[in-house]
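Please read it alongside the sequence and the coordinates.

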Amino acid sequence: MILSGKHFVLLLLLCFSLDNSIGQNVAPAEPWAVGVRTSYGFLIPHRPVMRALITGHAAIGELYVERSSLGYRDWQRIHKLPQYGIAVCRINLGNPNQFGAATGAFPYINFPLLGNGSVKWNLRTGAGLGYVDKPFDQDENHHNVAIGSHINALIHVTSELAFR
């Protein structure tokens, strides 16, 4: 299901009104969480011709399900009990006329880098598949020289800083 622009904006407004990152435990004794994340950023032009195509910022809305590792395996203890999960996202690519938007899904691991009781710094990495609404088309969208097909790799890297 692909969200229309109006529905995506409503989803983002809802997310911002609920806080920038929310999650809840499914049951207090269980290590599972579900939630919504939002992000706002920018696109970096990788060629000079790209500068004219970028007309706005990128906005991301994400639904996720994740599990905290419990330290039963060596890699979990070595990496300070990371969380892992799967996310589905919708991304406004900064130029609705040329790029449209993208929808994707990806599994991820959220590695704790630093932290104490009140501040946590994590690195979240993942990769999956994405679908772009408006790729290059010789007749309909010849200005989009950045994205050549509907199906693309989705590579996700986020540095998260959280305060209690």
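Leu161 is placed in strand 7; strands (E, at least two residues) and helices (H or I, at least four) are DSSP runs, numbered from the N terminus. With a relative accessibility of 54%, Leu161 counts as exposed. Here exposed means over 50% relative accessible area, buried under 20%, and partly exposed in between, with a 1.4 Å probe and protein chains only. The areas come from the Shrake-Rupley method with that 1.4 Å probe, and for residues only the protein chains shown count as cover.

Together with Leu113, Leu114, Trp121 and Phe163, Leu161 makes a nonpolar surface patch of about 520 Å². Patches consist of residues with over 30% relative accessible area and no salt bridge; nonpolar side chains (Val, Leu, Ile, Met, Phe, Trp, Tyr) are joined within 5 Å, like charges within 9 Å. Strand 5 (101–115) and strand 7 (151–163) each contribute at least two residues of the patch.

## Basis and confidence of the model

The model is predicted: local features need pLDDT of at least 70 and side-chain atom pairs count only at pLDDT 80 or more, whereas totals for chains, interfaces and linings use all residues. Residues are numbered from 1 along each chain as its sequence is written, and side-chain values use heavy atoms, with hydrogens and water left out.

The predictor's confidence in each residue, pLDDT, runs from 0 to 100. Its mean over the protein chain is 78, and 74% of the residues reach 70 or more. Among the elements, strand 4 has the highest mean pLDDT (94) and strand 1 (residues 21–25) the lowest (41). Over residues 11–28 the pLDDT is below 50, and this stretch has 27 contacts in the model beyond near neighbours in sequence; a contact means heavy atoms within 4.5 Å. Where pLDDT is low, the predicted coordinates should not be read in detail.

## Nonpolar core

The largest nonpolar core has 13 residues, of which Leu93 and Phe106 touch the most other members. Strand 4 (83–92) and strand 5 each supply at least two residues of this core. A core is a set of buried Ala, Val, Leu, Ile, Met, Phe, Trp, Tyr and Cys residues joined through side-chain atoms within 4.5 Å.

## Arg124 and its partners

Arg124 lies in strand 6 (residues 119–132) and, at 2% relative accessibility, counts as buried. Not counting residues up to four places away in sequence, Arg124 touches several residues, including Arg37, Phe106, Tyr108 and His156.

Because Glu62 lies in strand 3 (residues 58–68) and Arg124 in strand 6, the pair ties together parts that are 62 residues apart in sequence.

## Other salt bridges

A salt bridge requires a side-chain nitrogen of Lys or Arg within 4 Å of a carboxyl oxygen of Asp or Glu; the count by this rule is 7. Arg77 and Asp74 form one at 2.3 Å, N to O, and both lie in helix 2 (residues 74–78), 3 residues apart. Asp74 is exposed at 53%, while Arg77 is partly exposed at 45%.

Asp133 and Arg90 meet in a salt bridge of 3.2 Å, N to O. Asp133 is in the loop between strand 6 and strand 7 and Arg90 in strand 4, so the pair ties together parts 43 residues apart in sequence. Asp133 is partly exposed at 24%, whereas Arg90 is buried at 9%. Salt bridges with shared partners join Arg37, Glu62, Glu66, Arg124 and Glu160 into one network.
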